Amino acid sequence: MAEIRIENLRKEFGAFSAVEDSSFVVRDGEFLALLGPSGCGKTTTLRMIAGLELPTSGKIFLGGEDVTFNRARERDIAFVFQLFALYPHMNVRKNIAFPLLAQGVAKAEIRARVEETAKLLQIDHILDRSVSGLAGGDRQRVALGRAIVRRPKCFLMDEPLGTLDAEFRDLMVRELRELHNRIHATTVYVTHDQLEAMAMADKIAVMNHGIIEQFGTPQEIYSRPATMYVADFIGSPPMNFLRFTAGLQKGARSVVVDGVDISVPEIHLDLEESELALGVRPEDISFSDVSPLRGAVFGSEYHGTNQIVAVEMGKGLVKARVPADQNFRIGETVGLELNYDRLSLFDCKSGRAVPSSRYAEHHHG
Amino acid sequence: MSSVNAAHSVVEPSRTSKRIAATIVIAYAVITMIPLVWIVLTSFKSPPDSISYPPKIVFQPTLEGYCNLFTTRTRQTPEYITSLGAPTSTCDEITRSRNMVIAGPSNYWPRFQNSLVIAFGSTFLAVSLGTLAAYGFSRFKVPLAEDLLFFILSTRMMPPIAVAIPIYLMYRQLGLSDTALGMILLYTAVNVSLAVWLLKGFIDEIPREYEEAAMIDGYTRMQAFFKVVLPQATTGIAATAIFCLIFAWNEYAFAVLLTSGAAQTAPPFIPTIIGEGGQDWPAVAAGTTIFVVPILVFTILLRKQLLRGITFGAVRK
């Protein structure tokens, strides 16, 4: 297993820039999720690490070795494709053995390692079956088996759960994470599904338009989003933005939104008069009759353990996650209480979070 | 399969329309078969039966046509023939009954062998080159790929006879006239355009993830091509091979112009049989019947691939 280090990686396809100046480190044994919408450059980044695309500029290190221009077969990595890419003319056993054959491993050892891998993935009973008749989950396991069997420096996975149905995805998410806990393989996992990323990854890199918006643990990314894009992309429903225009001084502890004074974590920067947004997660909003921040109930979605209540604030809807047993009438005026030490402040022009006591260590791409 | 059909036709065809369709198909098949049946029947007729009018459907079958096809014969006096002793074979007997003796083998078998060598040789070359070229066009950014592909296809648009004279002159200069190598090269050149186009369609359908997976698994691109792409392209390769083989096997215009002896193929040879000792239609028919057999066998063996080759692109997996 090895560390993956990416330095100032860029990839251009003609005039289109797919990945712009990305740098990050995946530590030995770490599980990184590259998360973003389609076309954000996450798959391109993964393919460059794999050696399936050459970067326009920048460097890639695997275990300290510069592999930027090495061929895929010289990198000692394993790749799990979205559609698995199981060789249809070979059975399960041959598929898993295929990378070992390339390395010239002795027949008896191939047999032993294939069987050991199959046992680990609980597919030892289908080793002699044709891959074309397999169900989605088994195909997935065979693809993983082919990756694991060679004990590579790292695993690269390109939306491997993308084609599975929802029920099966949950199961595979758990299996993948358990597998990672057992073999501690450095893994880069591409997905557009924030739940998958949150559930499995040690670190998440949120990408958009070829830029890494934020690199951090799932907790950091969720509770301290570095940009408005990340705040909006992560969470369901996403973070609410209360927009206002103000100038702020370093050390300020409150902002004025629509004439209402709201306490915020201490601001660490002087800000000229500009458009700002107060970011608040739905679960950090509660209803309080005495709160001066008021709006009219627009509607609610019942989610069993809780409900999402949308409140019209004049400038747009704010969604609050509140206990399911509270009852609201549509049109009813309610007061909103914000959990002040969970608030984020963004500069709307740059989209970046304003440094505050909550954002002491500021991660961004 | 039923779900696939359902996607194309909303209503199951009625029995009447099925019957009409079946009638048309059977009628067409019968009409198409008539020449073949006529040729096979004629090959087993005696020369007088073969030219009788109205044509005989019921007749005494004989191998005379086949004997005449494979032998050259000389006319002898009955006294000489009776002095020869017992006939050594069926053909010997038939020939003597016509007051002739077998002088030696005819050129049919060497010509047939030429056809085999040239048709299969050029098919192998065209399909090999075509597969590699199609893979290149399918997977790499080839400069001017569109123009090159059109250029390759355009060589097929020209009637072969239009270039026959220049090629004849060129071949005479190069010493390729009437050589098997010359014919193989020529048929390869004609077929490679078809091969590239057909195979590009097939290879485009093979996801490139397979090779990428193989390359990550530690193989070179060439190894990935042979171990992963080729096995999946076999259907396409078989279909393409049949099309190439049919062309090379049946080709007449170039063969009649560029071959005369050593490398002559069966198609220009068969009509010459007719001149040897009267109008020997049964021998011509026998030559044609034998000539049809290899293609017939191949087509039957590979009919599934052939059908897929015709409808490729329309069917997904």
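In the predicted model, chain B is divided into two parts, with domain 1 spanning residues 61–106 and domain 2 spanning residues 109–310. The C-alpha centres of domain 1 and domain 2 of chain B are 39 Å apart. Contact between these domains involves 8 residues from domain 1 of chain B and 9 residues from domain 2 of chain B. On the domain 1 side, the largest share of the contacting residues is supplied by helix 4 of chain B (residues 64–70), which contributes 6 residues. Sorted by class, the side of domain 1 of chain B that touches domain 2 of chain B consists of 4 nonpolar, 2 polar and 2 charged residues.

In chain A, an open sheet is formed by 4 strands arranged in the order 2-1-4-5, with antiparallel pairing. Strand 2 (16–26) and strand 5 (65–66) of chain A are the edge strands, and each of them pairs on one side only. Strand 5 of chain A pairs with strand 4 of chain A (residues 57–62) in the antiparallel sense, and 2 bridges join this pair. Within this part of the sheet, A:Phe61 has A:Asp66, in strand 5 of chain A, as its bridge partner.

Helix 1 of chain A, comprising residues 42–50, lies across strand 1 (4–13), strand 2 and strand 4 of chain A. Relative to strand 1 of chain A, helix 1 of chain A runs at about 115°. Of the strands that helix 1 of chain A lies across, strand 2 of chain A is an edge strand of the sheet, while strand 4 of chain A is paired with strand 5 of chain A.

Conventions: Residues are numbered from 1 along each chain as its sequence is written. Chains are lettered from A and ligands numbered from 1 in the order in which they are written. This is a predicted model: local features need pLDDT of at least 70, side-chain atom pairs count only at pLDDT 80 or more; totals for chains, interfaces and linings use all residues. Domain bounds come from an automatic or database domain assignment. Two residues are in contact if their C-beta atoms, placed from the backbone, lie within 7 Å. Ala, Val, Leu, Ile, Met, Phe, Trp, Tyr, Cys and Pro count as nonpolar, Asp, Glu, Lys and Arg as charged, and the others, Gly among them, as polar. Two strands pair if DSSP finds at least two bridges between them. Axes are lines fitted to C-alpha atoms, for helices over the stretch in contact, and angles run from 0 to 180 degrees between N-to-C directions.
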